[in-house]
Amino acid sequence: MGDPGQSPSPWCPHGSPPTLSILTLLLLLCGHAHSQCKILRCNAEYVSSTLSLRGGGSPGALRGGGRDGGVGSSGLCRALRSYALCTRRTARTCRGDLAFHSAVHGIEDLMIQHNCSRQGPTAPPPPRGPALPGAGPVRSSGPPAPDPCDYEGRFFRLNGQPPGFLHCASFGDPHVRSFHHHFHTCRVQGAWPLLDNDFLFVQATSSPVASGANATTTRKLTIIFKNMQECIDQKVYQAEVDNLPAAFEDGSINGGDRPGGSSLSIRTANPGSHVEIRAVYIGTTIIIRQTAGQLSFSIKVAEDVARAFSAEQDLQLCVGGCPPSQRLSRSERSRRGAITIDTARQLCKEGLPVEDAYFHSCVFDVLISGDPNFTVAAQAALEDARAFLPDLEKLHLFPLDAGVPLSSATLLAPLLSEVFVLWLCIQ
């Protein structure tokens, strides 16, 4: 979203509407939209309604200071309100279309920049006259359309800035770091969704670390990359302890035979213990690791993708953290095995010198399992966070800030409002 005080876009010299070039690109982009999604029509009508504003007024008219101020701004605001109305009418069938989400966010940004009121007159429908006799095909004089299967490149060309990203991870007991920077230790026995949106489904299946234990570890991960027209066929990746394949379930290592199939790829950095999946078409990178008989999951995902879900998809550990009933309490933490707390702290301190949530999770895992190899899981999770987090000031979580959510604009309203941080220091 833009800053209300931002100056007119540098994309539009000579006082032309600051959205014209951007929306022309969006129009070209949206040729890949689903046949039932009418975002292409909305874009076309918007571009048509703003053509008369290009060069039709002075630069000052397009920068009017009042609400809907200036002749140019007033016309632009009417066009934006019509555009917003059109997107609302087609929202149900466009829920899984990234071009639709980009258009919705772009409209909001532009209405703020130009001080447009939400209510007011709309632009008249564009004329639909016949083509001039003898007129040849219309050719765009603008830049080529962005690659619909290159999310970051497309977003930058449409918005003039890089997209925002979010990070989530699950490792060890499991410990879950949510998009909101909540850090929970969970029992979550059985299958639980980490993500469930219009583009991705990730499910973790956990079982007790030992017979009768409350603590669990992830033994299986299932990831579904949902079908996206022009880019990929639906692909399923499934990993289990001692079986970390470097291919999707169908044996492929990319998104299939569609034009953008290479925008989804899988590779192994260390066979049997480290797999990386890159989904360029949705601005997403996933890392799956195996350490000490358990699987860990880490993701960097574009904000638009992370928030593309409905009210029915309300259980996602990466969004809301672990439900309160599934968080381990202090009374359930007990020493197990032959490793003492001093030994566990010393082992974890070697790779985790900062006594943050990762360090305390490491101490807990080593005590619960009696296995020093659990230190590697926490260290790897910290390194993934260092590589994936857009804001490194959020790398180390401590009692005073581990439960502070991101701004409400980052995702839909948080699914769980209670902030509970389980600290694992054993006295």
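A disulfide is a pair of cysteine sulfur atoms within 2.5 Å. The legends below describe close-up views of a predicted model.

**View 1. Cys168 and Cys318 are joined by a disulfide.**
The S to S distance is 1.9 Å. The torsion about the S-S bond is about -80 degrees, so the link of Cys168 and Cys318 is left-handed. The pair connects distant parts of the chain, 150 residues apart. Cys168 sits in strand β1, and Cys318 in helix α7 (residues 317-320). Cys168 is buried at 0% relative accessibility. Cys318 is also buried, with a relative accessible area of 0%. The count of disulfides in the structure comes to six.

**View 2. Cys149 and Cys231 form a disulfide between two loops.**
Their sulfur atoms lie 2.1 Å apart. The S-S torsion is -100 degrees, and the link is left-handed. Cys149 belongs to the loop between α4 and α5 (151-159). Cys231 belongs to the loop between β6 (216-225) and β7 (235-240). The two cysteines are 82 residues apart, in distant parts of the chain. Cys149 and Cys231 are both buried.

**View 3. A disulfide of Cys348 and Cys362 ties helix α8 to helix α9.**
The sulfur atoms of Cys348 and Cys362 are 2.1 Å apart. The torsion about their S-S bond is about -85 degrees, so this disulfide is left-handed. Cys348 lies in α8 and Cys362 in α9, so the link ties together parts 14 residues apart in sequence. Cys348 is buried at 0% relative accessibility. Cys362 is buried, also at 0%.

**View 4. Glu355 forms salt bridges with Arg345 and with Lys349.**
The closest N and O atoms of Arg345 and Glu355 are 3.0 Å apart. Arg345 is in helix α8 (residues 341-351), while Glu355 is in the loop between α8 and α9 (357-369). Ten residues separate Arg345 from Glu355. For Lys349 and Glu355, the closest N and O atoms are 2.9 Å apart. Arg345 is partly exposed, with a relative accessible area of 27%. Glu355 counts as partly exposed at 33%. Lys349 counts as partly exposed at 34%. The charged end of Lys349 also sits over the ring of Phe359, 5.4 Å from its centre.

**View 5. Glu303, Asp304 and Arg307 belong to one salt-bridge network.**
Shared partners join these residues. The side chains of Arg307 and Glu303 meet at 3.7 Å, N to O. Arg307 has 17% relative accessibility; the cut-off for buried is under 20%, so Arg307 counts as buried. The structure holds ten salt bridges.

**View 6. Phe171, Phe183 and Tyr358 form one aromatic cluster.**
A search of the whole structure finds six aromatic pairs. The ring centres of Phe171 and Tyr358 are 5.9 Å apart and the planes meet at 15 degrees, so this pair is stacked. Phe171 is in strand β1 (residues 165-171) and Tyr358 in helix α9, so the pair ties together parts 187 residues apart in sequence. Phe171 is buried at 1% relative accessibility. Tyr358 is buried at 0%. The ring centres of Phe183 and Tyr358 are 5.4 Å apart and the planes are at 80 degrees, so this pair is edge-to-face. Phe183 lies in strand β3 (residues 183-185), 175 residues from Tyr358. Phe183 and Tyr358 are both buried.

**View 7. Ser298 is a buried residue of strand β11.**
The strand covers residues 294-302. Ser298 has a relative accessible area of 2%. Elsewhere, Lys300 lies over the face of Phe165, at 4.6 Å from the ring centre.

**View 8. Helix α4 is largely enclosed by the rest of the structure.**
Twelve of its 16 residues are buried, so this description applies. Among the buried residues are Leu98, Phe100, His101, Ile107, Asp109, Leu110 and Met111. Helix α4 covers residues 98-113. At 1.5 Å a residue it should span 22 Å, and its end C-alpha atoms are 22 Å apart, which agrees. Just after α4, Asn115 takes a positive phi of about 55 degrees.

Note on methods: Residues numbered from 1 in each chain as written. Predicted model: local features only at pLDDT ≥ 70, side-chain atom pairs only at ≥ 80, totals over all residues. Heavy atoms only, no water. Helix = DSSP H or I, 4+ residues; strand = E, 2+ residues; numbered from the N terminus. Expected span 1.5 Å × (residues − 1). Buried < 20%, exposed > 50% of the residue type's maximum accessible area, 1.4 Å probe, protein only. Salt bridge = Lys/Arg side-chain N within 4 Å of Asp/Glu carboxyl O. Phe/Tyr/Trp six-rings, centres within 6.5 Å; stacked < 30°, edge-to-face > 60°. Lys NZ or Arg CZ within 6 Å of the ring centre and 35° of its normal.
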